[in-house]
Amino acid sequence: MIDRRSFGKALGVGAGAAAVGLAGAGSAAGVVAVPATTPASGPAAHTGPHTTFPRIKQIKAGVLDVGYAELGPAHGPVVICLHGWPYDIHSYVDVAPLLAERGYRVIVPYLRGHGTTRFLSDRTFRNAQQSAIAMDVIALMDALKIHRAVLAGFDWGSRTADIVAALRPERCKALVSVSGYLVTDREANLKPLAPKAELAWWYQYYFATERGRLAMEDKTLRHDLTRLVWDTVSPTWDFDDATFERTAAAFDNPDYAAVVVHNYRWRLGLAEGERRYDGLEKLLAARPTIGVPTVTLDAERDPFTAPGGGTSYRDRFTGPYEHRTLAGIGHNVPQEAPAAFAQAVVDADRL
């Protein structure tokens with residue numbers, strides 16, 4: 001989920017009443033001008049025709065054997081779509097075909113600890129600090145011989161894409177970031193939030209305990225916990241059991257519990273990272289700005305969306321920029337509003 005300091009500001013959301021759709025983008029000669037708030041509610045925003053990807057590929061990249069889905073022409077401009085927690089590549093099961101139809105080569109990888117992605121060595125620390133996951137994306141791009149790509153993500157995926165855009169801008173053609181600037185500030189995370197804000201982070205504190213770690217290792221408890229998170233952070237998304245179960249299968253990865261628990265403990269300063277990432281974390285602690293063309297998306301019904309229409313993080317984006325709020329949408333933006341998310345990718349690429 002998103003950084004807890006961002007959530008500290010998320011005690012109110014806005015709404016609006018203008019629309020934009022992917023279908024109209026094909027005839028646009030340039031950037032599509034859109035209002036700040038985009039209604040994405042209704043049946044088209046909550047359902048999609050696809051339930052799975054054609055097949056999953058595997059490639060050795062860095063410390064991982066990465067599982068990923070790929071759609072679209074092999075020589076098309078590349079979009080890498082990054083999922084969050086507790087989600088998987090199926091968050092993009094409808095976004096990817098929309099982009100592939102527009103000529104994009106779409107890569108959707110399982111993050112470390114998810115799905116068919118595996119560590120190459122049993123001796124590798126199951127580290128989930130933010131810079132390690134970002135370097136996984138760079139390693140994947142290197143393995144696939146992709147020099148530049150549009151990066152698009154939500155939750156862990158937003159943070160990961162933000163970091164690549166900030167620290168390796170030559171690898172990022174454009175950025176779509178749900179919830180805006182999510183680079184973790186560990187020092188700020190040591191400070192308490194308002195009680196109402198802390199309440200929504202119950203699982204983060206649960207994972208800080210031995211009980212929480214054991215729950216994540218227990219298949220039944222893990223299943224019920226992640227389903228509860230889906231229900232609470234996407235209150236308007238009318239998904240069925242089969243939709244959740246397709247994603248929940250990715251949580252059976254043997255490293256899932258270790259990766260998830262380390263991620264949240266590391267954010268709170270309760271777990272150490274690896275020394276080899278210290279230089280990157282020092283750069284991130286300075287909250288570097290992002291200069292690549294960017295579209296940020298806020299989900300109106302996501303309890304972690306900060307008020308103010310993106311104003312809380314606007315100063316972190318110094319290049320061409322647009323912000324949109326999606327009315328009626330919860331946390332899992334690409335799966336709840338695939339057309340709006342795909343439109344944002346197309347528009348970011350044109351900024």
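How many aromatic pairs does a search of the whole structure find? The search finds 24 aromatic pairs, and the legends below describe two of them along with other close-up views of this predicted model.

**View 1. The protein chain as a whole, with its helices and strands.** The protein chain has 14 helices and 10 strands. Of its 351 residues, 60% are buried.

**View 2. A stacked aromatic pair, Tyr 87 and Trp 230.** A search of the whole structure gives 24 aromatic pairs, and in this one the ring centres of Tyr 87 and Trp 230 are 5.3 Å apart while the planes meet at 25°, so the pair counts as stacked. Tyr 87 belongs to the loop between β4 (78–82) and α3 (95–101), whereas Trp 230 belongs to helix α9 (residues 219–233), and the pair thus links distant parts of the chain, 143 residues apart. Tyr 87 counts as buried because its relative accessibility is 1%, and Trp 230 counts as buried because its relative accessibility is 0%.

**View 3. An edge-to-face aromatic pair, Tyr 203 and Tyr 264.** The rings of Tyr 203 and Tyr 264 form an edge-to-face pair, with 5.6 Å from centre to centre and 85° between the planes. Tyr 203 is in helix α7 (residues 202–207) and Tyr 264 is in helix α11 (residues 256–267), so the pair ties together parts that lie 61 residues apart in sequence. Both Tyr 203 and Tyr 264 are buried. These two residues also belong to one aromatic cluster, whose other members are Trp 85, Trp 156, Trp 201, Trp 202, Tyr 206, Phe 207 and Phe 304.

**View 4. A charged side chain over a ring.** Arg 227 is placed over the face of Phe 244, at 5.5 Å from the centre of the ring.

**View 5. The hairpin of strands β2 and β3.** Strand β2 (residues 57–61) and strand β3 (residues 64–71) run antiparallel and are joined by five bridges. Within this pairing, Lys 60 has Asp 65 in β3 as its bridge partner. Two residues lie between the strands of the hairpin, and Gly 62 in the turn has a positive phi of about 65°.

**View 6. The packing of helices α4 and α5.** Two packed helices are described by the angle between their axes and by the distance between those axes. Helix α4 (residues 130–143) packs against helix α5 (residues 156–167) at an angle of about 70°, and their axes are 9 Å apart. The two helices α4 and α5 are therefore roughly perpendicular to each other. On the α4 side, Gln 130, Ser 131, Ile 133, Ala 134, Val 137 and Ile 138 take part, and they meet Trp 156, Arg 159, Thr 160, Ile 163 and Val 164 in α5.

**View 7. Strand β9 and its two partner strands.** Strand β9 (residues 294–299) is mostly covered, with six of its six residues buried. Thr 294, Thr 296 and Asp 298 are on one side of β9 and Val 295, Leu 297 and Ala 299 are on the other, and both faces are covered. Strand β8 (residues 172–178) pairs with β9 in the parallel sense over four bridges, and Val 178 stands opposite Leu 297 in β9. Strand β10 (residues 321–327) also runs parallel to β9, to which it is joined by six bridges. In this second pairing, Thr 296 has His 323 in β10 as its bridge partner.

Methods
Residues are numbered from 1 along each chain as its sequence is written. This is a predicted model: local features need pLDDT of at least 70, side-chain atom pairs count only at pLDDT 80 or more; totals for chains, interfaces and linings use all residues. Side-chain values use heavy atoms; hydrogens and water are left out. Rings of Phe, Tyr and Trp (its six-membered ring) pair if their centres lie within 6.5 Å; planes under 30 degrees apart count as stacked, over 60 as edge-to-face and the rest as tilted. Buried means under 20% relative accessible area, exposed over 50%, partly exposed in between (1.4 Å probe, protein chains only). A charge sits over a ring if NZ of Lys or CZ of Arg is within 6 Å of the ring centre and within 35 degrees of the ring normal. Two strands pair if DSSP finds at least two bridges between them. Axes are lines fitted to C-alpha atoms, for helices over the stretch in contact, and angles run from 0 to 180 degrees between N-to-C directions. Angles under 35 degrees count as roughly parallel, over 145 as roughly antiparallel, 65 to 115 as roughly perpendicular and the rest as oblique. Contact means heavy atoms within 4.5 Å.
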